[in-house]
Amino acid sequence: MEGMQSHPLLRIVYSSVAVHPFGRQELLDLLDVARRNNAALDVTGMLLYRRQRFMQLLEGPRDNVESLYDRIEADPRHTSCRVLLSELAEKREFESWSMGFEDLDSLSPPDVPGLSDYLERSFDSDFFQREPSAALLLLNLFKVRV
Ligand SMILES: Cc1cc2nc3c(=O)[nH]c(=O)nc-3n(C[C@H](O)[C@H](O)[C@H](O)COP(=O)(O)O)c2cc1C
């Protein structure tokens, strides 16, 4: 039955380096655009910012995620985009978030249990490339906070 077929989603996690430190308002402006566009594209996800680095998860219909990622990668506000994870999935991790967000620079580490292990690492470190499950875990830590 055509209607019963499941269409696999594409999930991408990447890290990047902002060309300058982003202030609160700059991040909120970026999110505003992201949330509006992503809702229209049926894309959900999570964006983390810390010490001039981004880590972002994008998931949704394959074509939409691929073209969105190409657009984001070309954004001159950041460089060194590095795909940490790219996988097809049946189910979303961030169903309820057109784009969740956390500015880790404004957190006190004890706020989030388990976070300190990851805070030692830069988002663009080899560690997250080698251990994409750790990147997923980190992103998931912020689900409850948004
Ligand atoms: C780190 C980072 C993450 C971004 N994430 C998204 C996103 O999830 N969705 C989105 O539409 N734009 C995102 N953008 C912005 C895009 O690069 C681009 O500026 C925007 O999609 C253009 O939208 P507009 O044509 O509606 O102005 C992001 C940019 C950066 C630097």
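**View 1. The largest pocket has a volume of about 280 Å³.** This is a predicted model, where local features need pLDDT of at least 70, side-chain atom pairs count only at pLDDT 80 or more, and totals for chains, interfaces and linings use all residues. Residues are numbered from 1 along each chain as its sequence is written, and side-chain values use heavy atoms, without hydrogens and water. A pocket is an open set of points on a 1 Å grid over the protein atoms alone, where a 1.4 Å probe fits, with protein on both sides within 12 Å along at least five of seven lines. The volume is the space filled by probe spheres set on the points.

**View 2. The lining of the largest pocket counts 16 residues.** Lining residues have an atom within 4 Å of a grid point. Closest to the pocket centre are Leu 30, Ala 34, Ile 72, Asp 75 and Arg 77. H1 supplies the largest share, five residues. Helices are DSSP runs of H or I with at least four residues, and strands are runs of E with at least two. By class, the lining has nine nonpolar, four polar and three charged residues. Asp, Glu, Lys and Arg count as charged.

**View 3. The ligand sits in the largest pocket.** To sit there, more than half of its atoms must lie within 2 Å of the pocket's grid points. Helix H1 (24–41), strand E3 (53–61) and helix H2 (62–73) each give two or more residues to the shell around the ligand.

**View 4. Three side chains place polar atoms by ligand oxygens.** For Gln 56 the distance is 3.0 Å. For Arg 71 it is 2.6 Å. For Asp 75 it is 2.6 Å. A polar contact is a pair of N or O atoms within 3.5 Å. Taken alone, the ligand exposes 620 Å², and the protein buries 79% of that. These areas come from the Shrake-Rupley method with a 1.4 Å probe.

Notes. Polar contact = N/O pair within 3.5 Å; in protein donor to acceptor, adjacent residues only side chain to side chain.
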